[in-house]
Amino acid sequence: MAGTTAPAARSCPARFITNVEMSSGLIRLDCELDAPLPFRPGQFAMLNLADGLPLVFSRPFSILAGDGTTLSFLYRVVGRGTAALARLKPGQGLTVLGPLGRPFPTPDELEGRPAVLIGGGVGLPPVHAWFARHGRDGDTAFFGGRDGADVPWSMLDARWGVSVDRAVDVPADREAFAGVVTELVASRGDLADGRTRAVLACGPIPLLRAAARLAAARGWDCWVSLEEHMGCGYGVCKGCVVPVATAGPDGWRNATCCDEGPVFRADQIRWDRYGVPVLPTT
Ligand SMILES: Cc1cc2nc3c(=O)[nH]c(=O)nc-3n(C[C@H](O)[C@H](O)[C@H](O)COP(=O)(O)OP(=O)(O)OC[C@H]3O[C@@H](n4cnc5c(N)ncnc54)[C@H](O)[C@@H]3O)c2cc1C
Ligand code: FES
């Protein structure tokens, strides 16, 4: 079972070090804490500016890497909070609450099955963290981007398979499959050797659905990391629910993504109910 021995969360003051542009859309943020923050790949942290403005609510981000007291994240600017992160100046204060949530399973928890890691866009951090920490011979990793300019090439060594929706701006010395990343995984002959594997995926919902279908078709287990809007990050506000299967009469219930996830077994998710508004019955 994933997440049974995840490190405990704490609220840490941090100092912003730098934002590094890794691709046309992805920025790596490094910050410095007073002490190292142990985490397991798949866990996340709630980030805010130390003065609390302009963000009322902290925002959730997967932890990309921890090197001593330096903690790194990878993000895309999509709104007010991420724009504020992109404007930070060296030395400015941040608050980091983490590590939060259930992580991806470790190799021991996969019981020897090779991992097939799939990251799409800003879904890269948790699978990158897993591959960096646990990756062994036999594990394979894939990244899907919009086009060659969107791909953070310097983060992906030759072991990574890369796909792009539009085959433009791909560096001459790199290769990219034209199509969606799950098609790239399906096309790989070395993964069709009959060996049982485990998929660990993070990215947009269509990618996660496709990864779950691919895994089910091959008889592989699959874990997905879900991204929901989060208010608190630790199970109190109930703003992050996702539908999971149960044995009860309705066949499903709402699970909090922040503390029951964000990593779930794909066969636990009621994909047919995902994103469907819950209407009153009376
Ligand atoms: C567990 C977890 C891990 C995450 N890891 C990363 C990461 O590593 N890198 C990264 O860039 N982002 C990550 N996200 C998404 C990130 O939290 C949002 O992009 C961020 O909160 C947006 O804040 P904002 O103020 O810039 O945007 P807002 O102004 O709040 O919203 C701008 C747009 O982004 C959408 N949005 C906001 N929050 C989310 C969300 N949680 N999921 C999907 N869409 C959202 C809104 O609907 C809106 O369209 C993660 C989310 C979760 C739950
Ligand atoms: S974010 Fe508050 S319960 Fe999940």
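Start by selecting R59 and ligand 1: a polar side-chain atom of R59 sits 2.8 Å from an oxygen atom of the ligand, a polar contact (a pair of N or O atoms within 3.5 Å). You're looking at a predicted model, where local features need pLDDT of at least 70, side-chain atom pairs count only at pLDDT 80 or more, and totals for chains, interfaces and linings use all residues. Residues are numbered from 1 along each chain as written, ligands from 1 in the order written, and side-chain values use heavy atoms, without hydrogens and water.

Next, click S62, where a backbone N or O atom lies 3.0 Å from a nitrogen atom of ligand 1. Then hop to E228: one of its polar backbone atoms is 2.9 Å from a ligand nitrogen atom. Alone, ligand 1 exposes 870 Å², and the protein buries 75% of that (Shrake-Rupley areas, 1.4 Å probe). Now show the 20 residues around ligand 1, with R59, P60, L74, G81 and T82 the closest (a heavy atom within 4 Å).

Time for the inside. Select I118, V199 and L226, which have the most contacts inside the largest nonpolar core, a set of 34 residues. Such a core joins buried Ala, Val, Leu, Ile, Met, Phe, Trp, Tyr and Cys residues through side-chain atoms within 4.5 Å; buried means under 20% relative accessible area (1.4 Å probe, protein chains only). Colour α4 too, as this helix (a DSSP run of H or I, at least four residues) gives the core its largest share, six residues.

Zoom in on V199: among the residues it touches are V116, A211, W220 and W223 (heavy atoms within 4.5 Å). Last stop: a separate core of 25 residues, including M22, L110, W130 and L156.

Methods
Buried means under 20% relative accessible area, exposed over 50%, partly exposed in between (1.4 Å probe, protein chains only). Helices (H or I, at least four residues) and strands (E, at least two) are DSSP runs, numbered from the N terminus. A polar contact is a pair of N or O atoms within 3.5 Å; within protein, one must be able to donate a hydrogen and the other to accept it, and residues adjacent in sequence count only if both atoms are side-chain atoms. Lists of a residue's contacts leave out its neighbours within four places in sequence.
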